[in-house]
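Dear colleague,

Please find below the structure that I am handing over to you, together with its sequence. My notes on what was found in it follow.

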Amino acid sequence: MKRKVGLVYGGKSAEHNVSLQTALAVINALDMNKFDIHPIYIKENGEWVRGAALTEPVEALHSLKLEKAGSTISPVSLNTELFPTNSEEQESLDVIFPLLHGPNGEDGTIQGLLELVNIPYVGNGVLASAAGMDKVIMKNLFAQDGLAQAKYVHFIKSDYEKSTEEALQSVEENLGYPCFVKPANLGSSVGISKCENREELVEAINVAFEYDRKVIVEEGIVGREIEIAVIGNDDPICSVVGEIAPKKAFYDYKAKYEDGDTDLIIPGHVTETEYEMIKEMAIKAFKAIDGSGLVRADFFLTEDGKALINEVNTMPGFTPFSMFPLMWKHTGLEYAKLIEKLVDLAIERFEQKQKIKYTF
């Protein structure tokens, strides 16, 4: 029996196009002899569209927008429209694979919806997704678990507007320059700026506030950018490490998704001691947010061999330039098999939850 997989992609966030690229890659990697693929597109205005099951690979990115085919559906009735329990058994789905990045997709919102309608889904649950999306909450959890990381400050827009000078002084006194300004709840390097002085800091903060009401500023770290991929539920395992060597000032959105103007070194050049340290920290971070399914953990490795965790991404991209599948490929797990593994982990976690008693 082929498993019926619903791929949910698109979404209302600034990472809409990244999600489309991820969906295209996943669709073309899945073995259609093992899976029936059902596309579910969320338009930029929030409207949901379900297309017919795919029978062949998809070539054009724009065809994923389902403008010529498909039916508008309501996400509040997912349990009947996407997971029927009536005579339309042939249309039921075994699992949902959310391929959404950023707010309203990677932050626990769709995960909560799928929990409520009792549908298995790939990836992290509500708590891990929300904590992994909010860089401030995530870093607070890491600090609580004793994970070494760069210094940071944060503020919400209303507080910044009331006490701008105080906020700027806090950055300069606690972090200094260079520093990095980021929207707290966004990924894919959208809205991120590197600052060398106060003028650039003010401009960067204003840019970040266009994407979120909360901004985080991190100290600049002199070190190599090292990443590692994690999969699993209660017993996660790690891939080889990869190293990001951007040819620009930092690994920005364009370098990630458009021009590929970055050297991706896999496996990264680390010692066995450094690898074991990074692996241990990645698993600790995975458990700190109560992860399930997958994360990509990002680190800085300093010249003296000290590892600082930067963040975890609870829904890393699967584009041709993405590190997550590349690291697993070099570990011995090919892309198609990786996706199959993630689907298996989703079913495993769902079945575990079904055994939990929620009433006395």
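Leaving out neighbours within four places in sequence, Met277 is in contact (heavy atoms within 4.5 Å) with Leu301, Gly305 and Ala307. The C-alpha atoms of Met277 and Ala307 are 7.6 Å apart, although 30 residues separate the two along the chain. Met277 belongs to helix α10, residues 272–288. Helices (H or I, at least four residues) and strands (E, at least two) are DSSP runs, numbered from the N terminus. Met277 counts as partly exposed because its relative accessibility is 26%; buried means under 20% relative accessible area, exposed over 50%, and partly exposed in between, with a 1.4 Å probe and protein chains only.

Please note that this is a predicted model, in which local features need pLDDT of at least 70 and side-chain atom pairs count only at pLDDT 80 or more, while totals for chains, interfaces and linings use all residues. Residues are numbered from 1 along each chain as its sequence is written, and side-chain values use heavy atoms, with hydrogens and water left out.

Helix α11

In helix α11 (residues 323–331), the buried residues include Met323, Phe324, Pro325, Met327 and Trp328. Among the elements that cover the buried residues of α11 are β10 (224–232), β11 (237–246), β12 (262–265), β13 (293–301) and α12 (335–354). Gly332 follows α11 and has a positive phi, near 115 degrees.

Strands and sheet

Strand β1 (residues 3–10) pairs with β2 in the parallel sense over eight bridges; two strands pair if DSSP finds at least two bridges between them. Lys4 has Asp36 in β2 as its bridge partner. Strand β2 (residues 35–42) is mostly covered, with seven of its eight residues buried.

There is also an open sheet of four strands, in the order β6-β9-β7-β8, with antiparallel pairing. Its edge strands, β6 (152–156) and β8 (193–195), each pair on one side only. On average, neighbouring strands of this sheet are turned by 25 degrees against each other, direction ignored. Axes here are lines fitted to C-alpha atoms, for helices over the stretch in contact, and angles run from 0 to 180 degrees between N-to-C directions.

Strand β7 (residues 179–183) pairs with β8 in the antiparallel sense over three bridges, and Phe180 stands opposite Lys194 in β8. Two helices pack on the sheet. Helix α5 (residues 135–144) touches β6, β7 and β9 (214–219), and its direction makes about 50 degrees with that of β9. Helix α8 (residues 198–208) touches β6, β7, β8 and β9, and its direction makes about 15 degrees with that of β7.

Cysteines

How many disulfides does a search of the whole structure find? The search finds zero, a disulfide being a pair of cysteine sulfur atoms within 2.5 Å. Cys195 is in no disulfide, and the nearest cysteine sulfur, that of Cys179, lies 4.6 Å away. Cys195 counts as buried because its relative accessibility is 0%. Cys238 is also buried, with a relative accessible area of 12%.

Cavity

On a 1 Å grid over the protein atoms alone, a cavity is a set of points where a 1.4 Å probe fits but cannot get out, and lining residues have an atom within 4 Å of a point. Grid points are joined across faces, edges and corners, and a volume is the space filled by probe spheres set on the points. By this rule there is one cavity of 30 Å³ or more. The largest cavity holds about 60 Å³ of space, and its lining includes Pro98, Leu100, Glu106, Asn124 and Met315.

With kind regards

Terms used:
1 Å grid on protein atoms, 1.4 Å probe; cavity = no way out; pocket = protein on both sides within 12 Å on 5 of 7 lines; lining within 4 Å.
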